[in-house]
Every structure is written in structure tokens, then in C-alpha cells.
Amino acid sequence: MLRQMEGSRAVAEAVALCRPEVICAYPISPQTHIVEGLGEMVKSGQVADCEFINVESEFAAMSVAIGSSATGARTYTATASQGLLFMAEAVYNASGLGLPIVMTIANRAIGAPINIWNDHSDSMSQRDCGWIQLFAESNQEALDLHIQAFKLAEELSMPVMVCMDGFILTHAYERVDIPKQAEVDAFLPPYEPRQVLDPAEPVSIGAMVGPEAFMEVRYLAHAKQLTALDVIPRISEEFADRFGRASGGLVRGYLTADADTIVVALGSVIGTLKDTIDDMRADGIRIGVLGIQSFRPFPLAAVRTALQHATNVVVLEKSFCVGLGGVVSTDVRLALSGLQLHGYTVVAGLGGRAITKASLQRTLREAIAGTLQPLTFMDLDWRIVNRQLAREAQMRRSGPIAESLLRDVGPIAAKVI
Amino acid sequence: MSNERASSAAPVKFYQTGTFTVGNRLLDAQQRSVQASTERNNSLTSGHRACQGCGEALGARYAIDAAMRATNGQLIAANATGCLEVFSTPYPETSWQLPWLHSLFGNAAAVGTGIAAALRVKARKAGLAQSAVRVIAQGGDGGTTDIGFGCLSGMFERNDDVLYICYDNEAYMNTGVQRSSATPFAARTNTTMAVGPRPGEEAGQGKNLPRIAMAHEIPYVATATVADLRDLEAKVEKAMGMHGARYLHILVPCPLGWGAASCDTIKLARLARETGIFPVFEAERGEVTQVTRIRHHVPVEEYLKPQKRFAHLFGPKGHPDMLAQIQAQADRNIRRYGLLDQETVA
Amino acid sequence: MLQIRIHGRGGQGVVTAAEMLSIAAFEQGRHAQAFPSFGSERTGAPVIAYCRIDDQEIRLREPILAPDVLIVQDPTLLHQVDVFQGLQPDGYVLINSKRSFHDLGLADIEARFRHERLVTVPATEIALKHVGRPLPNAVLLGGFAALSGLITLEAVDHAIRTKLSGKVAENNVAAAAEAFAFIQREMEELSHA
């Protein structure tokens, strides 16, 4: 049924349709509306046979999820940013134990300086944690991915993060098609755990493993993620067959077939990129965008296939590896090993900096002209950067950086963006 | 003195039960301990890798066996990282004869919450009022009073249906005897060395988790030691007869960390109680409801002297002022809990 | 694509206004996207919310830089925030005020834009009369329906009833209707002027 609603609500509705049995949550912007919605649905009885637990920290949220998932309950939680970092130890533990927990990440920057706005630093900080990481382009895709995520997680016995841009998606009202309960039930069978804490058949879960077998355990986790490279497209296709729309999968190209220049991106910025590319195509520029839906496992082969005939590859990412450059671009580069392409990393939208069509078009035209720096920070305010560098060169006690920069920026209340 | 027999007319006073035992065989079958039964579960079965004389291994087997009997074997345990976890489950072996999950150091209480939540949903789906399967979460003092404190407090505050058992050996023994917030005043650990003008642990008296648990007004809080097997078992049984958040704090001497003889584990646990250093009591909804009184009151020196971690307090270069401070703490416990009364044999 | 930018202050229902507008457009079978300016809004702080309306899927996620419609819920913002930034030459402006553009010191705006598309409505007063609280958001949507003709009053009513319920919803519907009538009258006057 078509409805106009907030992205967070759409995700809450999707999770509810998946018949979760335990939901635990600790509030953090911009994830809050999702768990508020679910909390209400559980309390009102709209979601039956479900425990909603308000925990005291994100670390506890994931720990409760570990306990309930290991006891055979379909388990969901959501977090963002500092919350994901605070639960990091348990995030690794959940995947190490092979527990099919589904977690929404309402993507947000990581401090300091504290910043509540969107970028992908939080999810990227956990890229090696053994969870599958799926990125949603729109609220419809976020909704759909949650339904797919439970199926994927439970089939592989592996946790899945569904990453959606904080505020840009979570707080955006738009049209979504919400499936019927019977349709979801037909797609997503009840959870049958591979391992479960059961007095009838006692097992010990979480034993210490020494050098004699640790590498093998790790390899098996990798092998399982490689299996996911087959399972993710299959589930996406099955979803399309049942629900009549394409969502998820590994990668999705837009006008890439004949493109000389291909932009690689994750999440909601793909939408803005598509509009930008339409404008540039109208000027006769052969350009396309490749959206990566599955960041972990990283679809090396699919990315290579999609990009290998292009001349320029621009990885536009809302994440940044201090001291190196791009996070996504490093993986894309691996996919393109041995190919001689012009590669650019464009870091954009950090901490909620608006990514506009105008800036994108300017940057992409520079890439096509060959004048773009290999690592570019889109719309960086060099004025305040250079002033701070000068200040630091001038005096030892130059003070806290963030505060100094804000003084240079001046009053921001008067600005519209 | 010759060992004269008591007059045949005088009744034999069998208060010497439990660990002052005259033997289970002299008791009625119902009064015998779970450990005395050949039917006991051996929840933490033999073959594990704990040190000789490990109080924690004893305490865990006593407690979990009692809980298994109380729940008719319908029990799941969550375990914090620590000695208990490491010595019981070296891959690919396990000593646990019940479903058991080790997740992390600081989250056993929250994992217990999750298990309980899953069981509640399963019970509801099966049309039951509550789950027959019960949950225990357990850890050492580090996993309880320090790194797991937040999760534990959260579990208490929500009154989740979990019995949390802390096996308190008063330091981080698994990592090689470092101070925890349960380490007592003056104790030497590898991070509170017996050097300087105030050797050993300088801070107060250790974090008093049972009283913090009581402040959450949860249904049941109790302390016990491995010296009083029957008392420990009774408390576990009582706890398993209740629902909601429950807390059991068991003093488990550690021969390695305390610098004590392996054969003295039970004796030290008993002396901790008999000096008043470790008050043994029960509390319900924040109120003390029962106190185990001291039978043979002894000065704290008797408890401290057999332990090398307190050796710097004694001898010509000793610290009588610090000893006095420990005695004062014990005396305070005696006053606070009323540990001495007319039945006490001074 | 129609792009609407709403300026107001935290507590005035700015974000809700954009959401209701998107619901109204959806009700009329259109695609709509509403989103806030993503601040940690505190009561009284300047807040911006956006709404895009189109006949096809809206993919664009940038803030609205060149709005077709500006709704200003609090006239005290006019000299604090550059609310007119990027406004399209033939754009609409709806300001919550008892005073005219001229009296608000916006003569230059009147000169730069199409004067028949610039209106003020005493939305706070209308809200106080019907709702009993100075919440101008739903009232202004009624005004917007009259000003632009781009959404119907019925769709606005539907949106109000979706976001609000019971008596509060009905009071807001009545308030929106009064604003609708008020603007219609004002526009008639403007067209004769």
C-alpha cells in the first residue's frame, strides 16, 4: 500500500512486518524515530509477541541482542555514530558468534567535534567487523532492505547492518509502498537458528579459541561473506519477483553502459547524482553512476565489470580515512587492479555538508577535464582552513580547532544552507 | 585433658552442619546438600583447568548445581569473560553441562536480559504465562563491579528476570592479579604493590556491590561464601523461586591471587565471615531480611595473616594503623548487620 | 518540480508543516519529499523545512536552494535570516503577519518579485482563534492552497487530519479554511489593485 511517511516510520513498519521477537534500543539521533515507532507498535500490541527493551547503553543494546538471538529470537536494534562505536566490542562479538541480528545504522558523523549530521563514518568504522553492510538509496529501498536483511541474516547465520543516511532519509517524508503482512510472511519464513541455547540440547557458545583454530574460524567468516555475494542478488531477485520492485542486490548502475565517466557512490546521494548525470547527459557528456548496495561483502567482480570500460572513475564518498584518503575508493581500486583508469576520490558531505547538484557537476566536469586532484574535498572552505593553519604556525597555544574555525565562519543562523 | 564423653542424657547439639559439618550422612535426606547427592548435575564438571583450590570453581559448581536442581534442569547461563570462562571452555572442550553463552567481559547481565526476553516471547507464543527455562548471568568481581557495572545496574533497574551471580575473588586474577574495585583496603596486587608509605590498595574498602544492588530495590540480594555450602545452596534455591532481578555475591578465595595455600580456601572464606570482614546476609526489596551471625568471633589478623597479599601489614615493618583500619571496617559490618549476638561463641 | 521552503522557529511546527504539505501532495497523487534542516532544534531557534512536489519520483536530496514558494511562519525572522535567498523570480511568498509587505519593510522584495504572489496572512491570530495556541503551520498551508492553487484545501485538510487528530485536527482544519478564504479575498484585491 502506498503511504506518505517519514523514512524512520517506514523502517519501523518494515521491521514490524518481519515479526521481530526482541527489539532493544538506546536513543541516539538520528535513529530515534525508528525505535520510538517500534516501541509504540510493541506497546500497543500492533506487533504481537515481541519484547521491547529500553537498555542503558548501545553496548547493552547489542549485548541484549546477542543474548536473545542466541536463544533463538528474531532480534533487531538500531543505532548511529557514537552509539555504534560504543557498542563496537559487541558488534564484533555478534558476528563472531554468527548471530543473525539485524541493525539499522542511521548514518551520522563521528566526533570530536560532536556532529549529529549525516555522513558514513560510523558504518565505515565497522567495515571489518564481519557484519554484512547494505546501503539504502531511498526510503523505499531502506524499507525493502530490512525485509531482505532478516532473510539474508538468518539464511547465513550472520548479522546484517542496513545503513541509511541519517536525517536525509530517516527524517524525510516520502512515498513508500508498504507490503502486506501475508506477502512478507510468504517471503520471510520463521527464524530457525543454526545454534540455540536450549536446555533440551545444551551447547556452550563462545569458547576461547587459540592459535590452533582461530584463523580457520576467521576464514570461515570470510567464506560465508563470499557466499553472501551469491545470496544477496538471489534474495533481491526473489524480492523483486514477489513485490514487483528492484531493491538491494550488490551494485546498481545508472546509465553506465556507454559511460566514459562513472561515479561510484553509496546511499542517498545516488539520487542527487542521477539528477546531475541527467543534466550532464543533456550536454552530451557520457557519464553514469554505479551505486554500491552491498559494501560488505564488497562485490569486487561486479564493481570491476561495471567500471572496466570507463575512462574515468570518480568515487564520491561520505567517509574519509585520515592519513590516507578514501575508504570506499580503496576497495574500488582493489576491484580495478591492473586496469589503467583515471581514478579520483571525492570526499563530500562530511558532517552533513550539503551535496548539491551544482557542486557535483562542477567537480565531475573537472574530473573529465583531468584537472581534478586525485583526492578532492568537495566544497571545502579553504579560507577557514588556511586561517587556522596560519594561526597554528604563528602561535603554540592556538586553542581548540573547532572553536577557532567556528569563530572564522561567523554567525551561521542567517544562512539558509 | 582427656576426651570425656558427654553425659548420655544431654542432647547432641547438631548446629555443626554445613561446612562445620559432621557429615551429610547424619542428616535427613531432604536436608542433605545438593553437592552430597549422587544425582547432582555437575554443571561445571571435572576436567576444567582451574587452579588447585580455586574458590570460584567451587562456588560456580555449588551455585549452578543448586540452580539446576531448583529449575529441574531448565537453566541457561550467560558468562562474563574471566577465569571462570577461560578455565571452563578451552576450545574445543567445555565443562558446562547446561546451555552456556560467553559473549564479552562487560555484558553478562545484558546478555542475560536478552536470553530472558527471548524466553519470555517463546513462552508467550506457546501460550504459557512464563517460561519454565530460567536464566543466570555470572562473572567475577571485575566483570561485575567494574566493566560490567553499567549493564548490571541496567538489568537491576529494569527488574529483568535474571539471577546474577558475582564470584568475588577481589581482583583481576585472570589477567594476573590486578586491582579491581572490589579489592579490599591494603591488599597487594600487581597494580597496588606493597611498596611506599601506604603499601597495597589505598582506597577505602572495595565497591560494595550487594548494597548497590539493594539500592535498586530488586526482589532479592544475598551474599554467601564457599565456606557455607548449605547456606549458598539455600540462597540459590530461594533466588530461583523468585522472579525479577536477583543478585548473589559469593566470596571465593583465590589461592594464587591471595597468596594463600590451596588447602585454605574454605578456611579463609569462613574466616572472612567470622571476622565480620564479609557479612553474610539476605535482603529483599532493599531491606535486610536475614543475617548469618558470627559463631566464633576472631580478630581480622586471623583472616589476613595466612594471605601473602596482606603480609606487609605484619612483622617489624608492619602497618598496625592499616590493620586497625581493617579491624574498624569489620567492626562496622558487625554493628551494621548485627553479626554478633548471644549465640555467638566468643 | 515545485520546491517549497518554510522558515520558522523551533516549536512552531515548521517540520510538521512541510510533512503535511507532502501528505497533501501525496493525497493528490503526486510525489512529494519533505525534510527538515536537520539541526538540533531548540524552541525558538530558526528552523527551516523543505518540501518538493513532482509528478515523478524525486531523487534530488540537496536542500532547496532556489524555492518556488517561501512560507515564513515567524516575521521576526525576516531581518535575521536571509529567507528570500534563491527565491525564483516568479516565486510565491506567504508570510505570517497582520502587516503588509510594505509595512514589514519589504518594499524591495515587492519590487523584485511578482506582487500578486506576495501575501501576508495573520496566521497566528487565526490559530489562536480556532486552535487556542499560536501554531501557524496548518493555517499557512490553507493560505498556501489559496495563494498557489497548487494543492487543494481538501488535500490540506486530509494532511491535517493525518498528522493531528480529534478536536485539534478539526480546529486546525477550520483555521486553514479561514486562512484560505482570507487569502482568496486578499488576492482578489491584489488583482484589482
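Guide: One definition is needed at the outset: a residue is called buried under 20% relative accessible area, exposed over 50%, and partly exposed in between. Please also note that this is a predicted model.

Visitor: Is A:Val322 buried or exposed?

Guide: A:Val322 is placed in the loop between β14 (312–317) and α12 (328–335) of chain A. Together with A:Phe320, A:Leu350 and A:Leu375, A:Val322 makes a nonpolar surface patch of about 330 Å². Because its relative accessibility is 72%, A:Val322 counts as exposed.

Visitor: Which helix gives the largest share of the positive patch?

Guide: The positive surface patch is formed by B:Arg211, B:Arg332, B:Arg335 and B:Arg336. One of these, B:Arg332, has a relative accessibility of 41% and therefore counts as partly exposed. B:Arg332 is found in helix α11 of chain B. The largest share of the patch, 3 residues, comes from that element, helix α11 (residues 320–337) of chain B.

Visitor: Which chains have the most contacts between them?

Guide: No contact joins chain B and chain C, and their closest C-alpha atoms lie 27 Å apart. There are 2 pairs of chains that touch. Of these, the pair with the most contacts is chains A and B.

Visitor: Which residues of chain B does A:Ser68 touch?

Guide: A:Ser68 lies in helix α3 (residues 58–70) of chain A. Its relative accessibility is 0%, so A:Ser68 counts as buried. Leaving aside residues up to four places away in sequence, A:Ser68 touches A:Val22, A:Ala73 and A:Thr75, and from chain B it touches B:Gly114, B:Ile115 and B:Ala118.

Visitor: What is omega at the cis peptide bond that joins B:Tyr91 and B:Pro92?

Guide: B:Pro92 is found in the loop between α2 (83–88) and β2 (100–102) of chain B. In chain A, a cis peptide bond joins A:Ser29 and A:Pro30, with omega of about 0°. For the bond between B:Tyr91 and B:Pro92, omega is about 0°.

Visitor: What is the phi of A:Asp49, which is not a glycine?

Guide: A:Asp49 is placed in the loop between α2 and β3 (51–54) of chain A. With a relative accessible area of 28%, A:Asp49 is partly exposed. In chain B, B:Asn42 is not a glycine and has a positive phi of about 55°. For A:Asp49, phi is positive, at about 50°.

Visitor: How many residues apart in sequence are the parts that A:Asp408 and A:Arg391 tie together?

Guide: The side chains of A:Asp408 and A:Arg391 meet in a salt bridge at 2.9 Å, N to O. A:Asp408 lies in helix α15 (residues 401–409) and A:Arg391 in helix α14 (residues 382–394) of chain A, so the parts tied together are 17 residues apart.

Visitor: How many residues apart are C:Arg9 and C:Asp74?

Guide: The side chains of C:Arg9 and C:Asp74 meet in a salt bridge at 3.2 Å, N to O. C:Arg9 counts as buried because its relative accessibility is 15%, and C:Asp74 is buried with a relative accessible area of 11%. C:Arg9 is in strand β1 (residues 2–9) and C:Asp74 in the loop between β4 (69–72) and β5 (92–96) of chain C, and this link between distant parts of the chain spans 65 residues.

Technical notes:
Residues are numbered from 1 along each chain as its sequence is written. Chains are lettered from A and ligands numbered from 1 in the order in which they are written. This is a predicted model: local features need pLDDT of at least 70, side-chain atom pairs count only at pLDDT 80 or more; totals for chains, interfaces and linings use all residues. Side-chain values use heavy atoms; hydrogens and water are left out. Patches are made of residues with over 30% relative accessible area and no salt bridge: like charges are joined within 9 Å, nonpolar side chains (Val, Leu, Ile, Met, Phe, Trp, Tyr) within 5 Å. Accessible areas come from the Shrake-Rupley method with a 1.4 Å probe; for residues, only the protein chains shown count as cover. A salt bridge is a side-chain nitrogen of Lys or Arg within 4 Å of a carboxyl oxygen of Asp or Glu. Lys and Arg count as positive and Asp and Glu as negative; His and the chain ends are not counted. The place of a charge is taken as NZ of Lys, CZ of Arg, CG of Asp or CD of Glu. Helices (H or I, at least four residues) and strands (E, at least two) are DSSP runs, numbered from the N terminus. Buried means under 20% relative accessible area, exposed over 50%, partly exposed in between (1.4 Å probe, protein chains only). Contact means heavy atoms within 4.5 Å.
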